[in-house]
Amino acid sequence: MLSRLPARPSLTEMADFIVSPAVLESLKQAGRVLILPHHNPDGDALGSATGLARAILAEGGRAELYLTGAWSEHLSYLLEGLTLPSSQPDPVHYDLAALIDCHSFDRLGPESPALAAALADVPLVVIDHHLLAKPSDQAASNWFHQPEASSTGELVWLVIKSLGWVPPRLASQALLLAMAADTGFFTQANTTPAVMRGVADLLELGGDLEEIHRRLKKNLPLRRLKLMGLALDSLQLHFNGRLATIMVTPALLAAAGAVMADTEDLVELGRSLAGVTLSALIKDNGHGPGTIRVSLRSQEPVDARSLALLFDGGGHRQASAYNDPQAAEAGAALTNLLARAEAFL
Ligand SMILES: [Mn+2]
């Protein structure tokens, strides 16, 4: 039977992420861990961070989460029962800080400089799957950094497994959610055998994908469907239907009775159209230059990350984002995008 399987060496290598011993030792020794996912945490960031926190708590350690920015209300249930310091964390309370789904304090939003300064003397571990943001960054021994991984959830699970810890059910659920979020519920090209092995492990520990799917995809408030309808009306196609754009403005949000956090799935509407290889969601919150956010989703072979890098953004090949440094409103961001995008299509 095995001899009939096609050789997939790259996939086999992906199964062989080895957790840095320094990361394992740090987590094993630490009694009090401060966990910091990236600014505006998404499903992977919050699932990974809370999964790690719950696993540490189950081992008798202490774990707290420091969150910055905003997150989808669908994810708030992940935080139930966990400790979140409400003000800037005091370093004397922690003997380890963990950057989750990011590898630099720069990714912690406006509080980044203050947090980096406050935690400068606290030992650090990094668990992340994002490509290095700056060439000057270097993966270090205290990093578990695997850009080939589907999700940080996949990596946190390998850490917990390597430590020999048995996570409680809520941790398994959080890590499954993280993996589901970053693979488009296991439909994207990053759905590797390695991540599915992690899924299998977590299902055996009591994980429940149906519950996660229900919470994330079948639990929408009416305003999100209304917003979807209005956003579809704003959809435009460019370059012979290869690029789809949707613009969300304060007026559109008001018409739907929605808030910007309700927009997270809109970019997938464009990507679902036949012939579209790049979908862009332009989010204008009315706050002017530097705040117009553009989310990109691509189909192979379009490299959305390289396009985002032109605007000082980043992310992954098929999912990336940037804040347009020039545009003061959504229309200008569209013009700037159209000027740069065609070369990538
Ligand atoms: Mn991620």
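Which residue of β8 does Ile246 stand opposite? Ile246 faces Leu281.

This is a predicted model, in which local features need pLDDT of at least 70, side-chain atom pairs count only at pLDDT 80 or more, and totals for chains, interfaces and linings use all residues. Residues are numbered from 1 along each chain as its sequence is written.

**View 1. Strand β8 (residues 278–283) is enclosed.** Six of its six residues are buried, so β8 is largely enclosed by the rest of the structure. Leu278, Ala280 and Ile282 cover one side; Ser279, Leu281 and Lys283 lie on the other, and all are buried. (Buried: 20 or more other C-beta atoms, placed from the backbone, within 10 Å of the residue's own. Strands: DSSP E runs of at least two residues, numbered from the N terminus.)

**View 2. β8 pairs with β7 and β9.** Strand β7 (residues 243–248) runs parallel to β8, joined by six bridges. Strand β9 (residues 293–298) runs antiparallel to β8, also through six bridges. Here Ile282 has Val294 of β9 as its bridge partner. (Pairing: at least two DSSP bridges between two strands.)

View 3. Six strands follow the order β6-β7-β8-β9-β11-β10, with mixed pairing. β6 (236–238) and β10 (314–315) are the edge strands, each with a single partner, so one side of each lacks a neighbour in the sheet. Three bridges join β6 antiparallel to β7. His238 stands opposite Leu243 of β7.

**View 4. Helix α13 (residues 330–341) packs on the sheet.** The helix (a DSSP H or I run of at least four residues) touches β6, β7, β8 and β9. (Contact: C-beta atoms, placed from the backbone, within 7 Å.) Its direction makes about 155° with that of β8. (Axes are lines fitted to C-alpha atoms, for helices over the stretch in contact; angles run from 0 to 180 degrees between N-to-C directions.)

Key. Buried ≥ 20, exposed ≤ 12 C-beta atoms within 10 Å, placed from the backbone. Contact = placed C-beta atoms within 7 Å.
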